[in-house]
Amino acid sequence: MRFFLCLWCLGLVCLAEQKGQVRFSGLPVPGVTITATRGQAQFSTVTDLSGNYSFPTLAEGEWKLELTMLGFAKLERSLSSNESQSWDLQVLKLEEMKAQAAAPPPKPAEIISEVAKPEPKPSAAFANLDAAELAQRAADALLINGTANNGAASPFSQSMAFGNNRRGPQSLYSGSLGMIFDHSVLDARPYSLTGQDTPRPDFSRMQGLASFGGPLRIPRLLPRNGPNLTLTYQWTRNKNVSTQSSLVPTLDQRNGIFTTPVLDPTTGLPFINNTVPMNRISPQAKALLQLYPLPNFDNTGRYNFQTALVGATHQDNLQARGTQSINRKNQLAGNAAWQSTRSDSTSLFGFNDTTSISGLNLGLNWIHTFRPRLYSVVGVQYSSLRTENTPFFSNRTNVSGAAGILGNNQDPVNWGPPALTFAGGIAALSDGIYALNRNRTSGLSGELGWSRGRHNLAFGGSFRQQQFNILSQEDPRGSFAFTGASDFAGFLLGVPATSAIAFGNADKYLRSKLFDAFVRDDFRVNPGLTLNLGLRWDYSTPISEIYGRLVNLQLSPDFRSATPTLGNGLLRPDRKNISPRLGLAWRPFAASSTVIRAGYGIYYDTSVYQLIATQMAQQSPLSYSLRVANSAETPLTLRSGFLASAATTRNTFAVDPNFRIGSAQNWFLTVQRDLPGSLVMIASYLGSKGSHAQQQVLPNTAPDGATDPCPTCPAGFAYLSSNGGSNRNAAQLELRRRLRAGFTATMQYTYSKSIDNAALGGRNQGGSLIAQNWLDLGAERAKSNFDQRHLFNLTGQYTSGMGKSGLMSGWRGRLLKEWTLGQQLIVGSGLPLTPVYFRAVQGTGVTGSIRPDYTGADVSAAPSGLFLNPAAYVAPAPGRWGNAGRNSITGPSQFSWNASLGRTFRLRGDRISLDGRMDATNLLNHPVFPSWNTITTSSQFGLPNPANPMRSIQTTMRLRF
């Protein structure tokens, strides 16, 4: 170890970095060739876009530096290896430029590339080559040398007309044909949570690609100067297979036989021998039980059924892009895209639902140049999207009607079973809901650009009009939830804990308008400092319905009264959405590679109104909607479960009329610096603060066992407001290795912390964004759903190059050239999860928002076979809300390792080539779980949810011409 440490220290002493900057009239000059010479050793480099250069590995001592660039006088100086220097170029006179251009280029032996080792004489590989052959080999060896700017006058320099080495005239047309395919033979089996060897059906995934581009010429109509058109077509036929493990009712349970006491709801006494008499089993339960499969392996109390689920996707995608020059000052650019997707998915119960999607996008821009530094762009856009979801039983079987379930929608398009949910872990029964949505967006945009002095100014804005034409019901067949220790016995007896339903007013025609305007200035203060200054305004009108069919509850300030209000204009507009944007790029030291960047901006979410309006359109009196719990006032059964008492609030949703659009303030600071060995280090701080985030509460509710503070107050509805907030802070360190000797890599580590009180980033497990205690929103402040404390990302790529210029030759060169090997490794800590006590909130039909009590036991001290400790949680104490925190469980760590291998095969020089590539995801076939089951009443508590996909290998072949 000491030996290597001494060598490392000796290297630091003997090697030094010589760097500097080249300018002309105070501005940096890229592409200048700098050659460092001492004795027989020579190194060459070129300046970057900021005019900077460096020699990171010069031996200590004095070196002669020479700067050359066509059109400028050659400069020479003798400098120490660790000395920085600024250079000012002097332009040549016209006669001197002509003489310089007529002079022969330097001989190959006079310069050695910076990536080659210094030698006393040129390699024998170049001894007998003329300049043309040498230039060709230099282009072929470009990937080996690792930079597109290596030694512009060296033997590895680029040939003239880089990028067009074709022999003969270049064709005006180009195209490609490709195929991406994958088959189950190459893929690993899906991971089994139970260890059962479930047969896997064969499947395949295939995607075809075709593109063609060039000028469009139609005889007698467009013989010349036709539009330049590019067409692309993608054809996808995928079949996917996954494995799902579940708990289904056993034969004993179907016959009412249990191992624990079951209480008779009519007497409160336990049934004899823990058995529900057959004459007490509800006819509705018997009918719905026929939809459940029988167990296919021994019951472990957690899982007893496992099956392979098959889904298919068919997609066609056609895209077209074109440009047409009208004259010197006017140009048209247009695009069109059409997509059609047909997919079907199979559930655990064998229900096969289908989805059909078709979309069209059109755009046309007119670019007008007033003068070289002043231009305008005016564009029009149009898009349409049609989506139709068809559930398995739609227009096929009236499951609810045949079972004798009353009160739900009986339209044939909405036939099917009601949704069933069980607290104990038995698989939920559900099927999709029919929906036909036709959305359209049309818009107009404009921008004026003006470059004046050190300023690049832009002014613009846009207007969009959106249509959401919806034909669907929110919950037409209804939903039942069964809670408690004997949840399945309650199902057999036909006594649900809660019920919910919403149907009526199926057709909804929602409209919205969006406006935005901006001004931006890229201000180059000096060669080392650039500012980006901007101001933006965004405004979205609250969504209206063309017939005024929206409903909101007009609530008193103390929530003691609620009156339904019908019509548009129920939400006040939020027009004050002005957001400044500031950016900075600063090089504090002229001869240094250090760059500091910073920025700040405010961003608004103008898409929040659609979901709000959809819920407002499915309210009483426009529809039959309710969400109730079983009680003496509302006794629920499977047969008559959608009836409510006179005191029941028929509206299930209300929104604050002063609802504000959510915003986020984002800021960052990065410091970038070059390091020896072609390395670049970037250290960053990123911050974010969210305001007016969405919060949902259940007004006038109390925990089980507590006295109802206001029995006559309206309850059972969710109230949405915009009083939430969030913040995120992250530190990030990134190390990049520039492409050199065919190898490049990036390593990035992020440490972050995110906190909010609005459950940002998705729903908690249990299916709710609703706060537990409507009077204590401070208890909801916790880690965000997307809070990932540690994240490490490593990407790398190696390219073997063209195999010429003496670096590889013969059959080895032909075999190994132009291979590219890539990999990506991602390792991260787990995401937060919330423990859920599955029970209805008193006085409502809402489940999933109550949390258990935390006992103080270590959550991670799990018994064998589990990943969470069940002893860490118990039912909430009577009269109190659960004290377990939201997102207080850390989920499983995340790991992903993907790799790719590809090569380009030259079939006819550069005219025709074939790209081949293989991509492997989850290379190690390592099972990774997205989360744990955190429903404390479930028999699967502490078990992983279905694993992420296992290893798959995808092959891509693409012919270019």
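## A residue at the surface

Leu535 is partly exposed, because its relative accessible area is 41%, where buried means under 20%, exposed over 50% and partly exposed in between, with a 1.4 Å probe and protein chains only. The structure is a predicted model, in which local features need pLDDT of at least 70 and side-chain atom pairs count only at pLDDT 80 or more, while totals for chains, interfaces and linings use all residues. Residues are numbered from 1 along each chain as its sequence is written, and side-chain values use heavy atoms, with hydrogens and water left out.

Leu535 belongs to a nonpolar patch on the surface, which it forms with Phe370, Leu448, Phe459, Val519 and Ile578, and together these residues have about 480 Å² of accessible area. Residues of a patch have over 30% relative accessible area and no salt bridge, and nonpolar side chains (Val, Leu, Ile, Met, Phe, Trp, Tyr) are joined within 5 Å, like charges within 9 Å; a salt bridge is a side-chain nitrogen of Lys or Arg within 4 Å of a carboxyl oxygen of Asp or Glu.

Strand β22 runs antiparallel to β26 (residues 578–586), and 9 bridges join the two; two strands pair if DSSP finds at least two bridges between them. Within this pairing, Gly534 has Arg581 of β26 as its bridge partner.

Strand β26 is also joined to β27 (residues 595–604), again antiparallel, by 6 bridges, and here Ala585 is partnered with Arg597 in β27.

## A hairpin and an open sheet

Strands β24 (residues 551–555) and β25 (residues 562–566) run antiparallel and are joined by 5 bridges, with Leu553 standing opposite Pro564 in β25. The hairpin of these strands has 6 residues between them, and in it Phe559 takes a positive phi near 60°.

Elsewhere, 4 strands form an open sheet with mixed pairing, in the order β16-β19-β20-β28. Strands β16 (419–422) and β28 (624–629) stand at the edges, each with a single partner strand, so one side of each is left without a neighbour in the sheet. Strand β20 (residues 498–503) runs antiparallel to β28 and is joined to it by 6 bridges, among them the one in which Thr498 has Ala629 as its partner.

## Aromatic pairs

A search of the whole structure finds 27 aromatic pairs, in which rings of Phe, Tyr and Trp (its six-membered ring) have centres within 6.5 Å, and planes under 30 degrees apart count as stacked, over 60 as edge-to-face and the rest as tilted. One of these is the stacked pair of Phe349 and Phe351, at 5.6 Å centre to centre with 25° between the planes. Phe349 is buried, because its relative accessible area is 14%, and Phe351 counts as buried at 4%.

Phe488 and Phe491 form a tilted pair, with 5.5 Å between the centres and 40° between the planes. These two residues are 3 residues apart in helix α8 (residues 487–492), so they are separated by about one helical turn.

## An exposed loop residue

Ser860 has its place in the loop between β38 (853–854) and β39 (873–874), and it counts as exposed because its relative accessibility is 55%. The C-alpha atoms of Ser860 and Ile889 are separated by 8.9 Å, although these residues are 29 residues apart along the chain.

Note on methods. Areas by Shrake-Rupley, 256 points an atom, 1.4 Å probe, with all protein chains shown as cover.
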